[in-house]
Amino acid sequence: MAGAWALGAKIRRLGAPVALYGWFTWPMFNVSRKLDVTTELSLGAAFNWNPFDSEVNPANDAVSTRVTFFAEWGLLARYALTPRLDLM
């Protein structure tokens, strides 16, 4: 399990976004001694955006809300080349 936060550069038309993200990865099963399958879940949010407004901020064509959300689920295969090196 891990998490991160980030501060974006202040850009007048986009704002000064702050992002909070977390992810959790866990093994599902081993196919063989060197190959296993894992899954990963990630969730996050970014806020403090300067949203699009046709009168006040018409140059912002990227973000239309003050808060954005992120959700991702992944299925990964990992192959161990050596005890310390693998491909994912």
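1. Is Y21 buried, partly exposed or exposed? With a relative accessibility of 32%, Y21 counts as partly exposed, where buried means under 20% relative accessible area, exposed means over 50% and partly exposed lies in between (1.4 Å probe, protein chains only).

2. This is a predicted model, in which local features need pLDDT of at least 70 and side-chain atom pairs count only at pLDDT 80 or more, whereas totals for chains, interfaces and linings use all residues. Residues are numbered from 1 along each chain as its sequence is written, and side-chain values use heavy atoms, with hydrogens and water left out.

3. The protein chain has zero helices and five strands, in the order β-β-β-β-β along the sequence; helices (H or I, at least four residues) and strands (E, at least two) are DSSP runs, numbered from the N terminus.

4. There are two aromatic pairs in the structure, a pair being rings of Phe, Tyr and Trp (its six-membered ring) with centres within 6.5 Å, called stacked if the planes are under 30 degrees apart, edge-to-face if over 60 and tilted for the rest. One of them joins Y21 and F70 edge-to-face, at 5.7 Å centre to centre and 75° between the planes. Y21 belongs to strand 2 (residues 15-30) and F70 to strand 4 (residues 67-80), so the pair ties together parts 49 residues apart in sequence. F70 is partly exposed, at 37% relative accessible area.

5. A16 also lies in strand 2 and is partly exposed, at 21% relative accessible area. A16 and N50 are 34 residues apart in sequence, with 7.7 Å from C-alpha to C-alpha.

6. For the chain as a whole, 20% of the 88 residues count as buried.
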